[in-house]
Amino acid sequence: MSNPATRIARLRLTRRACLGMLAAAAIAMTMAPERASAARAPDAPLVAAFTRELLTLDNFNSTSRDNEIISLLIDDALFYIDPQTKQPVPLIAASYAMPDPLTLDVTIRDDVTFHDGRPVEAADVAYTFQTLLKPGNTALKAGAFALWLASVETVSDKVVRFHMKQPNPLALHSLSTAGRVVPRGTYDDPDAPGGINAQAQANRMIGAGPYRVVSFLPGRELVIERYDGYRSDSPKGAPSVARMQFRIIPDPATQAAEVMAGGVHWTYGLPTDIVEEVASTGRAQAMSSPSMRIGYLIPDAAGRAGEHALRDPRVREALSLAIDRDLIVKQLVRGGGKPAYTPCLPAQFGCPQDVPQPHYDPARAKALLAEAGYASGLRLDLWASREKEPLEAVVEMWRSVGVNANLRLVKSPAMNKARDENSLNLYFENNGSVGIADVGAILPGQFGRGAPSDWHHDEALYPLVEGLLQTTDAQERLALARSAITRINEQTYWIPLYEFTQNFLLAPDLEYVQSDDGMPRLFLARWRQ
């Protein structure tokens, strides 16, 4: 049996050669002849590319990163996550106060308007969240607010009051990342169930952000332009680029070729091999950054899929110890990727790294498998909808300790269906915490009672993770997080793998700064003069 490192190195070389050939072929077909460049006008249009189809403009009805990028451009929320401090600052809000732990009063600025010219008032804010809380609202993000928000009311034409079900340390974060504001009446439809049409802004968006929608062809193209009524003292700043076009280009090599040819000026999420290949030509800028997105495996510790080997904590620990995360990151992930050893990231509040961690130890892995009764080997299926090459590396590493795993790559809906029907017992997942640098943005949603990824059913763990969103006391939250993470690692309820890299290709004359919270803020882009 050959060394896993050798096989992984071969995997990388094969992958790089294939991607390199694809990129070279695409470049040869589409690249225009190089010519002397002239300084672009400051308000020249910018063309960006997404890999996945953009099917809605309404961020309440999507959980994709692409929609979050668009929402930051065309929407404003009450608060905004400052990319430097990672903390919420007022945006539509002028100020806020908490008269008691369950009440949040937000005063609205008097100089904010929607793209149709109407002023944003407290009644619009109240309507937005009252609608989300209505029974039967099918918006994808409605449930997230219903978890902590009891009711919303106006106090005056400029003050709105939020009543919380329990103290929520991430209330301002939630109102920053998902709490955009819409005009009164936006979702009202007497012919829709419950009088609410959650799809009312899928194709026609009236927001309050720095850009307004010009045209939208779902799955194909979005065009936005700078909104002249946007205030210059916004925490987002005054946008420089006058117009942006978003194209859907599924193939990463074609995206890279378009950047080199000048047809696309900004794209993200490309494989590291392609980014490095393009960077070597000098015809585009390459950038890699941390993403605050973690990839991990979830084993069925609770036995939701019946009795099987993964119910034994020794087997789960063996699988984790058999993985050389450093090698996977170095050979395959690269860029801004980092090994992960906890169910959260070091940049997040409450994510200690001085807890038991599953560092690479194949000898110990073999011993644990033998102790659990699998000295002669173990067979299992690993389900996934992405990350083929890194997971192939994991499978190779497991094979070296006697675990024969079958990697089942399927579409995300198929995997989610198998998960929800308890038809699998080990799968790959990833989570970006919505760019929030706090463990409360990941642990309760992943390990809380009844969560889709609750595959542990540990009564001792539930109060620890759920308590993270039930107190605002920082020291108490730190203690809860440490206890929860220690238990998760000791029981191997998760097998953390790595923090994703986030790779960008930019036009040579585009200035763009990426925050390490992983959230692209394209309104900060500008042309180099």
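Reply:

**The domain interface**

About 1200 Å² is buried between domain 1 and domain 2, buried area being the accessible area (1.4 Å probe) that two parts lose on being put together, summed over both. Carbon and sulfur atoms give 56% of that area. Pro169, Leu170 and Asp517 supply 40% of what domain 1 buries against domain 2, more than any other three residues.

This is a predicted model: local features need pLDDT of at least 70, side-chain atom pairs count only at pLDDT 80 or more, and totals for chains, interfaces and linings use all residues. Residues are numbered from 1 along each chain as its sequence is written, and side-chain values use heavy atoms, with hydrogens and water left out.

Domain 1 covers 46-75 + 94-171 + 182-288 + 504-527, and domain 2 covers 292-500; these bounds come from an automatic or database domain assignment. Their centres, taken over C-alpha atoms, lie 30 Å apart. Domain 1 brings 14 residues to the contact and domain 2 brings 18, where contact means heavy atoms within 4.5 Å.

Two salt bridges cross the interface (a side-chain nitrogen of Lys or Arg within 4 Å of a carboxyl oxygen of Asp or Glu). Arginine 334 also forms a salt bridge with glutamate 276, with 3.2 Å between the closest N and O atoms.

Helix H2 (65-74) and helix H7 (272-279) each give two or more residues to the domain 1 side. H7 gives the most, with three residues. Helices here are DSSP runs (H or I, at least four residues), numbered from the N terminus.
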